[in-house]
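This report considers selected local features of one protein model. The sequence and the structure are shown below.

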Amino acid sequence: MSGGRLCLKCGMVITGDWPGEWHVGCYPDFERMPGFDMTSYDLEVKEDLVDIILWASRNATRSKQVALGVSEVGNECDLRIAYKMAGAPPTSNSPDPCPSVVGTPIHSWVEAAVADYQNIHSIAEWLTELEVAPSPLVAGHTGLYHRPRGLVLDWKFPSPENLRRMREEGPSLQYQVQVQLYGLGHANAGRKVDRVGICALGRSGWLKDLYVWTTEFDREVAEGALQRIYDIGTQVIDN
């Protein structure tokens, strides 16, 4: 043990390549931990807050949704859709919920803003956050529907990098399928649907960077996506 560094608290040898002057468990509350840029006290607070946010996200109505949502139908992975339809529990490597946590209150704010604007100006052109059912097996909520235009829009609040990519390459196939399904849902409800699209506003950007993409409503795209779901469901049942 000669030549080894000794922990300043317990006096035992610090083994390995750990650069600190204390063992991990011996670190003083207000000393910054090597490699973390936080003190052990702050790391404990972070752990508590992460636990709360993860619990709330996993137990939110959207997270506990059993039926297949419109946003999932266009996913390129058949296996992922099959797991969802079979009711398989999410895996431990589920995506970080932070983007959806941040996006949820933005949706609510925009919905309130549209409602207040229309009340003040005595108009009723926009319908917000309507539940639609493209099929008996698939349902979802649309961000905006404009009556005069017959336009269905879905809000997206991407990172700056994803917004840049969307501007250069257009929305992903999954997003395009999603809005076509929303269009079908509105059409099923008897509303005029001419175009569908996406409004993308960066989570850490400026209003001037708002990106709008629209395309003609294509019933065949929506029905083709639903047929794919039915085919996957049939395979799940047969297996």
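The sections below cover strand pairing, a surface charge patch and backbone angles in a predicted model.

## Strand β6 and its neighbours

Strand β6 comprises residues 195–200 and is mostly covered, with five of its six residues buried. Strand β5 (residues 151–156) pairs with β6 in the parallel sense over six bridges. Within this pairing, Val152 has Val196 in β6 as its bridge partner.

Strand β7 (residues 211–216) is also joined to β6 by six bridges, and these two strands run antiparallel. Here Ala200 stands opposite Tyr211 in β7.

## A negative surface patch

A patch of negative charge on the surface is formed by Asp29, Glu44, Glu47, Asp48 and Asp51. Of these residues, Asp51 is found in helix α1, which spans residues 40–58.

## Positive phi values

Most residues other than glycine have a negative phi. Ser122 has a positive phi, near 55°. Ser122 is found in the loop between α4 (98–121) and β3 (126–135). With a relative accessibility of 67%, Ser122 counts as exposed, since the cut-off for that class is over 50%.

Glu129 likewise has a positive phi, in this case near 45°. Glu129 lies in strand β3. The relative accessible area of Glu129 is 24%, so this residue is classed as partly exposed.

How values were computed. Residues numbered from 1 in each chain as written. Predicted model: local features only at pLDDT ≥ 70, side-chain atom pairs only at ≥ 80, totals over all residues. Heavy atoms only, no water. Patch = residues over 30% accessible without salt bridge, like charges linked within 9 Å, V, L, I, M, F, W, Y side chains within 5 Å. Areas by Shrake-Rupley, 256 points an atom, 1.4 Å probe, with all protein chains shown as cover. Salt bridge = Lys/Arg side-chain N within 4 Å of Asp/Glu carboxyl O. Lys, Arg positive; Asp, Glu negative; His and termini not counted. Charge placed at Lys NZ, Arg CZ, Asp CG, Glu CD. Helix = DSSP H or I, 4+ residues; strand = E, 2+ residues; numbered from the N terminus. Buried < 20%, exposed > 50% of the residue type's maximum accessible area, 1.4 Å probe, protein only. Pairing = 2+ DSSP bridges.
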